[in-house]
Amino acid sequence: MRLNDRLTTHWDTLKADELRHLQGKRLHGFLKNHVVPFSGYYGKAFHDAGLDPDEIRTVEDLTKLPFSSKRTLISSEDGTPLTRDFVLVPDEKILARRPATILRAMRHGREAVKTGFEKEYRPILMTSTTGRSADPIPFLYTQHDLDILALTGRRMMEVCDSRPEFRHLNLFPFAPHLAFWQAHYAGIGYNTFTLSTGGGKVMGTEGNVRLLGKINPDALIGMPTFIYHVLQVAVEKGLHCPKIRRIVLGGEKVPEGLRRKLRTLCAELGSGKVEVMATYGFTEAKMAFPECPSHGGDATGYHLYPDLGIVEVIDPESGEVVPDGEPGEIVFTPLESRGSVVLRYRTGDLISEGLTHEACPACGGRMPRLMGRISRVSDVRRMNIGKVKGTLVNFNELENVLDDLPEVGTWQIELRKRNNDPLESDEIVVHVAPTGRVDGEMLESLITERFLAATEISPNRIEFHDAADLRRRHGVGKALKEEKVIDRRDETALTGEKPSTPISHHEVS
Ligand SMILES: [Zn+2]
């Protein structure tokens with residue numbers, strides 16, 4: 001395997017300066033040998049800018065490259081995805097001239113060389129973005145990329161301190177999305193039993209609960225709210241699942257309060273100590289980064305794979321790279337990808353405590369980590385409340401407020417127009433399924449108080465429901481992303497649309 005030849009076995013032990021040296025070398029090779037000659041978009045972009053890949057040899061040189069974003073990936077005319085422009089399509093004449101190709105052909109024959117290139121460059125799997133507003137943007141994987149997906153999967157298992165003899169239950173919805181495939185290939189890469197249920201969409205909450213009882217898993221992998229629903233129903237049914245020791249979450253933010261609730265549910269199912277860990281991944285990276293077990297301490301941050309990609313944190317307004325420990329927007333550049341490749345991709349995700357290169361206090365790993373809470377620029381929405389027009393409300397904060405309240409089981413925030421009149425002001429209705437018996441009035445004033453403290457607005461109404469009712473509202477089993485904040489004000493104009501100007505992180509964090 002060519003990939004294995006190049007793998008850095010000590011990827012998690014290198015010091016910061018050694019890492020940057022390695023990354024600089026890889027970046028240069030990646031641009032010179034793969035991206036510039038074989039990417040329609042970047043070949044032209046480098047040519048137009050008069051830029052030579054030989055001018056980019058260090059991590060600092062990255063700043064010579066322009067950023068990309070969701071907007072770069074779609075046509076400015078009609079908004080359709082520019083998929084092919086970003087796929088590496090090899091030029092056989094260029095490949096044939098390379099000394100490495102000639103050497104390999106002499107050793108293994110021309111046929112082996114041809115098969116090798118097909119594995120490296122032919123797209124065989126596709127995932128796409130989950131955006132609710134725009135066209136999904138496809139991202140293509142070659143066999144080489146799937147080898148990386150299995151490798152990052154194996155690393156996730158190792159960082160999360162799984163064991164090959166564990167039984168893993170993958171509850172991500174079956175879909176052409178990174179989360180499902182990353183979890184599937186984690187099982188392959190780690191050579192461990194992993195049952196993918198397909199999530200609620202494929203077999204409903206009931207089906208997942210049944211498998212939970214049958215498999216008696218050691219580890220659960222999936223979306224936080226869905227796993228919460230499944231565990232809750234399992235408790236209602238009086239199931240006994242004494243072996244759960246790890247819950248690995250992806251696809252959504254995971255506030256401390258939700259982790260606590262998941263651990264409580266596991267205890268009710270008879271499990272002992274359970275480590276709840278979050279992962280962070282996105283379509284354009286084609287990989288996901290995990291936390292390691294915190295053993296009851298603070299969250300350990302997302303452990304990155306520095307040999308496979310460079311993560312920068314930038315000031316979202318100026319675009320300048322910020323020093324370690326400072327908040328900003330997460331930007332990603334792959335170092336080993338084939339298929340779809342974008343460079344310096346602006347994720348639109350803000351990280352509250354930035355990057356660190358300090359060794360992890362929990363696992364000792366020296367890989368860089370992203371620290372703190374992740375929030376999405378698009379979760380900051382403009383609201384017209386009362387007479388005040390255009391107040392920016394950070395729904396990331398409100399989600400944390402609700403998840404951190406132990407009396408709140410599940411919830412949904414609904415944005416609507418007063419009296420359903422489009423000319424009226426906006427309203428916030430909070431739907432809550434309380435945990436057990438609670439004093440409604442007390443909980444109502446508690447939620448209002450916390451809302452005010454976090455965002456200086458208060459909900460117009462708080463409605464109580466039972467857990468099953470809220471599951472229906474979330475579209476569990478139907479929607480791919482649980483609808484935790486639902487915007488019914490003007491479905492066409494506002495849902496999920498990113499603001500055209502970036503909002504400074506000072507306003508949103
Ligand atoms: Zn760690």
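Student: Where is the place of N419?

Tutor: N419 is placed in the loop between strand 18 and strand 19; helices (H or I, at least four residues) and strands (E, at least two) are taken as DSSP runs, numbered from the N terminus. This is a predicted model, in which local features need pLDDT of at least 70 and side-chain atom pairs count only at pLDDT 80 or more, whereas totals for chains, interfaces and linings use all residues. Residues are numbered from 1 along each chain as its sequence is written, and side-chain values use heavy atoms, with hydrogens and water left out.

Student: And is N419 buried or exposed?

Tutor: N419 counts as exposed, because its relative accessibility is 65%; buried means under 20% relative accessible area, exposed over 50%, and partly exposed in between, with a 1.4 Å probe and protein chains only. Its phi is near 55°, a positive value in a residue other than glycine.

Student: What about phi of N191?

Tutor: Phi of N191 is likewise positive in a residue other than glycine, near 55°. N191 belongs to the loop between helix 8 (178-190) and strand 4 (193-196), and at 66% relative accessibility it counts as exposed.

Student: Back to the strands: how many bridges join strand 18 to strand 19?

Tutor: Strand 18 (residues 408-417) is joined to strand 19 by 9 bridges, and the two run antiparallel; two strands are said to pair if DSSP finds at least two bridges between them. One of the positions in this pairing is E414, whose bridge partner in strand 19 is V429.

Student: In what sense do strand 19 and strand 20 pair, parallel or antiparallel?

Tutor: Strand 19 and strand 20 (residues 461-464) pair in the parallel sense over 4 bridges, and V430 stands opposite I462 in strand 20. Strand 19, helix 13 (residues 440-455) and strand 20 together make a right-handed β-α-β unit, right-handed in that, with the strands pointing away from the viewer, the path from the first strand over the helix to the second runs clockwise.

Student: Why is strand 19 called largely enclosed?

Tutor: Strand 19 (residues 426-434) has 8 of its 9 residues buried, so it is largely enclosed by the rest of the structure.

Student: Which residues is I486 in contact with, leaving aside neighbours within four places?

Tutor: Apart from those neighbours, I486 is in contact with Q412, I413, E414 and L415, where contact means heavy atoms within 4.5 Å. The C-alpha atoms of I486 and E414 are separated by 4.9 Å, although the two residues are 72 residues apart along the chain. I486 itself is in strand 21 (residues 485-487), and it is buried, with a relative accessible area of 9%.

Student: Switching to the metal: which residues coordinate the zinc ion?

Tutor: The zinc ion is coordinated by C292 (SG), H303 (NE2), C360 (SG) and C363 (SG), at 2.1 to 2.3 Å. Donors here are N, O and S atoms within 2.8 Å of the metal (3.2 Å for Na, K and Ca), and water is not among the atoms, so sites may look incomplete. C292 lies in the loop between strand 8 (287-290) and strand 9 (302-303), while C363 lies in the loop between strand 13 (355-356) and strand 14 (369-370), so this pair, 71 residues apart, links distant parts of the chain. C292 is buried, at 3% relative accessibility, whereas C363 is partly exposed, at 41%.

Student: Why is the arrangement around the zinc ion tetrahedral?

Tutor: The 4 donor atoms subtend angles of 102 to 117° around the zinc ion, which makes the arrangement tetrahedral; four donors count as tetrahedral if all angles lie between 85 and 135 degrees.

Student: Last one: what pLDDT does the chain average?

Tutor: The protein chain averages a pLDDT of 88, and 90% of the residues score at least 70; pLDDT is the predictor's confidence in each residue, from 0 to 100. Over residues 492-509, however, the pLDDT is below 50, and this stretch has 33 contacts in the model beyond near neighbours in sequence. Where pLDDT is low, the predicted coordinates should not be read in detail.

Definitions and conventions
Tetrahedral: all angles 85-135°; square planar, octahedral: opposite > 155°, others 65-115°.
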